[in-house]
Amino acid sequence: MRLMPIPMDVQHASEQFESFLADARDISGLATRNQTYTMVQGVLQVFRRRLSLADAIRFAGALPPILRAIFVSDWDTDEIRAPFGDLASMAQEAQALRRDHNFAPPSCIGDVAAALRKHVDAADFERVLASLPDGAAEFWRIS
């Protein structure tokens, strides 16, 4: 029997996630990790609504383990796919998640994108984005 080690990204998933949350919090100007988590979850759900199941699974594979889990959690795979629109409208959609507890700024998509790009393999992330529908790469572009 051949033993396989636990992949490093899985072994250090919690530390990586905390580092990502700290980056997203600092970039967005939010005060707490709970506020940041809601913002991140909202942004990921907005993006997911615009992908087919196959595209979403391919995108999830480019994410760190805990973000991958958040991306696929509570997923209604029968939900009607939304079109990519302007970033302001999609940011408002992200801000609607748990509206009474959501402090995401209007810049939430760009803020999460900036933090995420610090925590993914850039080449792999770009390769996956290039395989997704029009609008996907723009969603994760940072200005």
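Axes here are lines fitted to C-alpha atoms, for helices over the stretch in contact, and the angles between N-to-C directions run from 0 to 180 degrees. Keep that in mind as we walk through this predicted model, in which local features need pLDDT of at least 70 and side-chain atom pairs count only at pLDDT 80 or more, while totals for chains, interfaces and linings use all residues. Residues are numbered from 1 along each chain as its sequence is written, and side-chain values use heavy atoms, with hydrogens and water left out.

Let us start with helix α3. Helices are DSSP runs of H or I with at least four residues, strands are runs of E with at least two, and both are numbered from the N terminus. Two packed helices are described by the angle between their axes and the distance between the axes. For α3 and helix α6 (residues 87–95), the angle is about 125° and the axes are 8 Å apart. That makes α3 oblique to α6. The word comes from a simple scheme: under 35 degrees counts as roughly parallel, over 145 as roughly antiparallel, 65 to 115 as roughly perpendicular, and the rest as oblique.

The crossing of α3 and α6 is right-handed. In general, a crossing is right-handed if the near helix is turned clockwise from the far one by less than a right angle, and left-handed if anticlockwise. Which residues of α3 and α6 meet? On the α3 side they are G42, V43 and V46, and on the α6 side M90, E93 and A94. To be in contact, heavy atoms must lie within 4.5 Å. Sorted by class, the residues of this contact are four nonpolar, one polar and one charged. For these classes, Ala, Val, Leu, Ile, Met, Phe, Trp, Tyr, Cys and Pro count as nonpolar, Asp, Glu, Lys and Arg as charged, and the others, Gly among them, as polar.

Helix α3 (residues 33–48) also packs with helix α5 (residues 65–72), at an angle of about 60° and with the axes 9 Å apart. That makes α3 oblique to α5. Here too α3 passes in a right-handed crossing. From α3 come Y37, V40, Q41, L44, F47 and R48, and they meet L67, I70, F71 and V72 of α5. The contact of α3 with α5 has eight nonpolar residues, one polar and one charged.

Two members of this contact deserve a visit. Leaving aside neighbours within four places in sequence, Q41 is in contact with I70, D74, L97 and R98. V72, in helix α5, counts as partly exposed at 32% relative accessibility. Leaving aside neighbours within four places in sequence, V72 is in contact with R48 and A60. The C-alpha atoms of V72 and Q45 are separated by 8.5 Å, and these residues are 27 apart along the chain.

D74 is found in the loop between α5 and α6 and is exposed, with a relative accessible area of 69%. Phi of D74 is near 55°, a positive value in a residue other than glycine. R98 sits in the loop between α6 and α7 (108–117) and is partly exposed at 35% relative accessibility. R98 is not a glycine either, and its phi is positive, about 45°.

Now for the rings. The structure holds twelve aromatic pairs. Rings of Phe, Tyr and Trp (its six-membered ring) pair if their centres lie within 6.5 Å; planes under 30 degrees apart count as stacked, over 60 as edge-to-face and the rest as tilted. F47 and W140 have ring centres 5.2 Å apart and planes at 70°, so this pair is edge-to-face. F47 lies in helix α3 and W140 in the segment after α9 (136–139), so the pair ties together parts 93 residues apart in sequence. Both F47 and W140 are buried. The rings of F139 and W140 are also edge-to-face, because their centres are 4.9 Å apart and their planes at 65°. One aromatic cluster is formed by F47, F59, F71, W75, F84, F125, F139 and W140.

Note on methods: Buried means under 20% relative accessible area, exposed over 50%, partly exposed in between (1.4 Å probe, protein chains only).
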